[in-house]
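This report looks at how the parts of one protein chain are arranged. It begins with a term that is needed later on.

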Amino acid sequence: DEKKRIFSGMQPSGLITLGNYLGALNNWTKLQDDYDCLYCIVDMHAITVRQDPQKLRKQARDLLTQYLAVGLDPEKNIIYYQSHVSQHAELSWILNCYTYMGELSRMTQFKDKSAKHADNINAGLFTYPVLMAADILLYQTDLVPVGEDQRQHLEITRDIAMRFNGIYSDTFKIPEAYIGKVGAKIMALQEPTKKMSKSDENQNNTIALLDEPSVIMNKFKRAMTDSDNQVRFGEDKPGISNLLGIYCAVTGVSPEAAEREFANAGYGTFKTSVGEAVVAKLEPIQKRVKELEANKDYLDSVIKSGGEKAGRIAERTLSKVQKKVGF
Ligand code: ADP
Ligand code: NA
């Protein structure tokens, strides 16, 4: 078919947040009719940081459930676990041999993560970008939706692919960044100068997609604001700007209209409105999660057939590569 291929993935390294939803998942659902999409649950990437096995397995399953609950259709997209498709590991090894220590040393995410996990600076953390290159290149991907923090990873993927193609003739499609409607960047509720992240230890910084309404309302109540009592966007107002951004993203109201709506409101009233809007947005997703969780056979069949479909495409690329390098 003529549709362009998109690859994206998410780590099952914690509870999916409102940031993951508004910045990624929600946009993915809008691509599924126009593109040929693979949405991977990248459990192999997750073990670059120590994980509890039971928890990892549950988080992967929960991520699958939430992919489906937000509206990703397994008939229209290939949804699968990275660890189920062994070609990722195989291609990753080969690409390791075409990647330089120097270029990996320059990856800012490696520097950040090794500072954060100083007790476990493992080789997987270092070669993480090579596995990510394999993820993308295995499927002859055209487009990769990337946030700012992933730009460098896409660059190295392109460099590795061009290097390999240069040595062995065209093998990999050179992927490009998908520049679509950008999702909102959601910041941590109590520290609005850093992004909301599923690996944040302070639970009050994040809204999990599956948080109960009362929990959501409470977290918004405790969100950081400022002392000038005006609900408006401003560089000097990261907390209020973040809350306004969340409000706009979940309601579809424009920034100007949102500022007008809350022009005479106090912060308490404003936070309650933001909380209620988020609760309303997440309610149908949470309901759908419960329905899906009751249908284990269906979830098993989705992940099994996704892995098979992905494996067939991946094998075509891998066997070409193996031949070219001399296996
Ligand atoms: P996390 O930091 O929550 O573990 P990841 O780094 O695994 O998130 O990113 C998964 C996807 O979610 C990426 O596409 C990323 O751009 C998006 N994403 C993560 N956090 C946010 C956020 N706070 N706001 C918007 N998008 C986000
Ligand atoms: Na992360």
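## A term for crossing helices

A crossing is called left-handed if the near helix is turned anticlockwise from the far one by less than a right angle, and right-handed if it is turned clockwise. Two packed helices are described by the angle between their axes and the distance between the axes.

## Helices α4 and α13

The model is predicted. In it, helix α4 (residues 87–96) packs against helix α13 (residues 296–325), with an angle of about 25° between them and 10 Å between their axes. Angles under 35 degrees count as roughly parallel, so α4 is roughly parallel to α13. The crossing in which α4 passes α13 is left-handed.

On the α4 side, the contact is made by Gln87, Glu90, Leu91 and Ile94. On the α13 side, Gly311, Ala314, Glu315, Leu318, Val321 and Val325 take part. Sorted by type, the residues of this contact are six nonpolar, two polar and two charged.

## Two domains

The protein chain is divided into two parts: domain 1 covers 5–179 + 296–325, and domain 2 covers 203–290. Taken over C-alpha atoms, the centres of domain 1 and domain 2 are 31 Å apart.

## Where the domains touch

How many residues of domain 1 are in contact with domain 2? Ten residues of domain 1 are in contact with eleven residues of domain 2. On the side of domain 1 that touches domain 2, α1 (18–31) and α3 (53–69) are the elements that give two or more residues. The residues of that side of domain 1 comprise seven nonpolar, three polar and no charged.

Terms used:
Residues numbered from 1 in each chain as written. Chains lettered and ligands numbered in written order. Predicted model: local features only at pLDDT ≥ 70, side-chain atom pairs only at ≥ 80, totals over all residues. Domains from an automatic or database assignment. Contact = placed C-beta atoms within 7 Å. Helix = DSSP H or I, 4+ residues; strand = E, 2+ residues; numbered from the N terminus. Nonpolar A, V, L, I, M, F, W, Y, C, P; charged D, E, K, R; others polar. Axes fitted to C-alpha atoms, helices over the stretch in contact; angles between N-to-C directions. Parallel < 35°, antiparallel > 145°, perpendicular 65-115°, else oblique.
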